[in-house]
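The sequence and the structure are shown first.

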2 protein chains.
Amino acid sequence: METILHLTGPLDPRSGWRASPDRCPIARALDVMSTRSAFLIMREAFYGTSRFDDFVGRAEISEPVAAARLRELVSEGLLVREPYREPGQRTRHRYRLTEKGADLLPVLVGLIQWSQRWLDDDGAGGVLALRHRDCGERVGVGLRCAADHEVAVGELDLTLAAAGAR
Amino acid sequence: METILHLTGPLDPRSGWRASPDRCPIARALDVMSTRSAFLIMREAFYGTSRFDDFVGRAEISEPVAAARLRELVSEGLLVREPYREPGQRTRHRYRLTEKGADLLPVLVGLIQWSQRWLDDDGAGGVLALRHRDCGERVGVGLRCAADHEVAVGELDLTLAAAGAR
DNA sequence: CGGCATCCTTAGGGATACTG
DNA sequence: CAGTATCCCTAAGGATGCCG
């Protein structure tokens, strides 16, 4: 394992290393989630939206876009499309989060948190908040290490481990 | 304060509430960060990249795109463009993260974490990891409430508070 | 070195109309 | 309700060349 550079937020002389973009995890994640509509659809999925028309209406996107994005997100395994039928009804389909999709929640929450902190969402309609069901406190995302320390931006190192390392 | 719905990851009957998309924090954040190039530039900024040509080369984007995105990110206040000069050189400019920009780090780390967990970044060139400088342990993002409990996806409530609430 | 101008291609996305 | 088909526009992004 080799320490590549120190992330400091503000400035760093840079060690000459580069992100090998072809396999940079961020670049790869962006292959799946890079469009506005993808984020909005995932947002809705977290809110419990499951039907096509609801995605269209609530994310405020057009049908063709919703159809295209849903198809992609299903094929990427973030959502599943499954048939169901209520007692007297015909068979319908609904979209549900997979575990893979649900695991994106920290990213979404990170965006919410950042937006509320910096974009003065003056919330003329009230302030949206995520809360811990058990204790009622607000929920956010934060950096934390495996030893359970809270980690500040300036305390991060970027390392590259040979092959089978953790 | 009013509880709107329970986020469960998998399915929820949905309470009829909608995200009022015009002021949805996610939608607003996406006005700033919705393109691949914006994420890649921010990634590079975290890695310490500061010069125009380095952004172009390391993020693997074209000059016009880099110029456009850098201009936007500066005007949005995520980066600052500042002149500097080394002893015998002419004045140059560099781009640095602002606090607002640096605060986006959890989102980036969330993407890295998700990508490594689900996109089998088999990392034929080694595995990238963020580590806590003090203890060397790997760093990730997680949901946590103000009372410092770790929060699972299914333990989240979405609430809407009247106006000046926290 | 740090861009901007130009041109081009592709992807994202809206509107409308139609179908099972 | 859940899409598909068509058409059109705009934004994202690459390639190339020029310029202070």
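Which residue in E4(B) is the bridge partner of Leu156(A)? In this predicted model, the partner of Leu156(A) is His132(B). The pair belongs to an arrangement in which strand E6 of chain A, residues 156-161, runs antiparallel to strand E4 of chain B, residues 127-132, with six bridges between the two strands.

**Interface of chain A and chain B**

The size of an interface is often given as the accessible area lost when the parts come together. For chain A and chain B this buried area is about 10100 Å², and carbon and sulfur atoms account for 61% of it. On each side the contact takes in 104 residues: 104 of chain A and 104 of chain B.

Polar and charged interactions also cross this interface. Under the rule applied, 37 residue pairs are in polar contact, with both residues at pLDDT 80 or more. Eight salt bridges are counted between chain A and chain B. One of them joins the side chains of Arg144(A) and Asp148(B), with an N to O distance of 3.6 Å. On the side of chain A that touches chain B, helix H6 (residues 105-118) is the element that gives the most, with 13 residues. By class, this side of chain A consists of 54 nonpolar, 20 polar and 30 charged residues.

**Surface near DNA strand D**

There are 22 residues around DNA strand D, and those that come nearest are Phe52(A), Arg81(A), Tyr95(A), Ser37(B) and Val65(B). Divided by class, this surface holds eleven charged, seven nonpolar and four polar residues.

| Residue | Distance to a phosphate oxygen of DNA strand D |
|---|---|
| Ser37(B) | 2.4 Å |
| Tyr95(A) | 2.9 Å |
| Arg69(B) | 3.5 Å |

Several elements give two or more residues to the surface near DNA strand D. In chain A these are helix H3 (52-59), helix H4 (63-75) and strand E3 (92-97). In chain B they are helix H2 (36-47) and helix H4 (63-75).

Conventions
Residues numbered from 1 in each chain as written. Chains lettered and ligands numbered in written order. Predicted model: local features only at pLDDT ≥ 70, side-chain atom pairs only at ≥ 80, totals over all residues. Heavy atoms only, no water. Near = heavy atom within 4 Å. Polar contact = N/O pair within 3.5 Å; in protein donor to acceptor, adjacent residues only side chain to side chain. Helix = DSSP H or I, 4+ residues; strand = E, 2+ residues; numbered from the N terminus. Nonpolar A, V, L, I, M, F, W, Y, C, P; charged D, E, K, R; others polar. Contact = heavy atoms within 4.5 Å. Buried area = accessible area lost by both parts, 1.4 Å probe. Salt bridge = Lys/Arg side-chain N within 4 Å of Asp/Glu carboxyl O. Pairing = 2+ DSSP bridges.
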